[in-house]
Each structure stands twice: as structure tokens, then as C-alpha cells.
Amino acid sequence: QRIPVKKSAAIASATVSESMVKDEAEPLPVITMEELAKHNTEDDIWVAIEGIVYDFTEFAHEHPAGFASIFDLAGMDGSEAFAAVHNTAMLDDFEEDRKGILLTS
């Protein structure tokens with residue numbers, strides 16, 4: 001929807017592009033332990049933390065503690081290892097890397 005704007009030397013009419021508006025989040029799929037376990041290679045690193053599965057493939061190479069600290073948890077639940085050195089608020093930075101919700105039973 002366009003809102004009329006008075007034009008001046010400093011301001012021209014503006015519209016919000018579709019890329020500027022965040023889509024409503026779709027529900028995450030359920031991921032089994034068997035599916036998680038398949039993502040355990042250097043080119044495909046999924047780790048579950050606090051019931052959410054993340055794709056850390058790209059981030060693993062940038063991780064301050066080194067690639068191995070994430071790769072060693074690839075395809076597994078890394079909640080305990082994560083909690084030992086991080087707080088869960090850090091996971092907010094990885095919202096786009098969420099792949100699904102871990103099915104634990």
C-alpha cells in the first residue's frame with residue numbers, strides 16, 4: 001500500500017519493497033534423530049541444540065573456537081556441549097539456519 005508523501009528536495013515518494021518486509025515464519029518441520037544423523041559431513045553440518053536443528057555448515061568455518069568444535073557435533077544433539085560455553089540467547093543470531101524441530105521420542 002502506498003502512502004502519499006509530500007515531495008520536497010530531500011524526500012521523494014517511497015514504497016516498501018517485498019524484500020524489506022519479513023514474511024511470516026512458516027512452522028518448522030519435525031526432524032528425527034535418524035534424519036539428523038545423516039547430516040554429519042564437512043559439507044553438511046546439522047546440530048540440534050535445545051530441541052531445534054540448525055544447519056551450521058557455513059558457520060562452522062567461522063566459529064571462534066574452530067571448525068572441529070562444531071564438526072564434532074555434526075549429526076547429533078549438541079545441547080550439553082553448547083550449554084557448557086554459550087547461552088541460548090546466542091541462538092537468536094542463527095534463526096535463518098533453523099532446519100526443524102528435533103523429535104526426541
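Modeller: In the second largest pocket, α3 gives the largest share of the lining, three residues, where helices (H or I, at least four residues) and strands (E, at least two) are DSSP runs, numbered from the N terminus. This is a predicted model, in which local features need pLDDT of at least 70, side-chain atom pairs count only at pLDDT 80 or more, and totals for chains, interfaces and linings use all residues. Residues are numbered from 1 along each chain as its sequence is written, and side-chain values use heavy atoms, with hydrogens and water left out.

Colleague: What is a pocket, and which residues lie nearest the centre of the second largest pocket?

Modeller: Rolling a probe the size of a water molecule over the atoms shows where empty space is left. On a 1 Å grid over the protein atoms alone, a pocket is an open set of points where a 1.4 Å probe fits, with protein on both sides within 12 Å along at least five of seven lines, and lining residues have an atom within 4 Å of a point. Here 18 residues line the second largest pocket, and Phe59, His63, Ile70, Phe82 and His86 lie nearest its centre. Two or more lining residues come from each of β3 (44–49), α2 (67–71) and α3 (79–85).

Colleague: How are strands read as pairs, and what is the bridge partner of valine 30 in β6?

Modeller: Two strands pair if DSSP finds at least two bridges between them. Strand β1 (residues 30–31) runs parallel to β6 (residues 98–102), with two bridges joining them, and valine 30 has isoleucine 101 as its partner. Strand β4 (residues 52–55) is antiparallel to β6, joined by three bridges, and isoleucine 52 stands opposite isoleucine 101.
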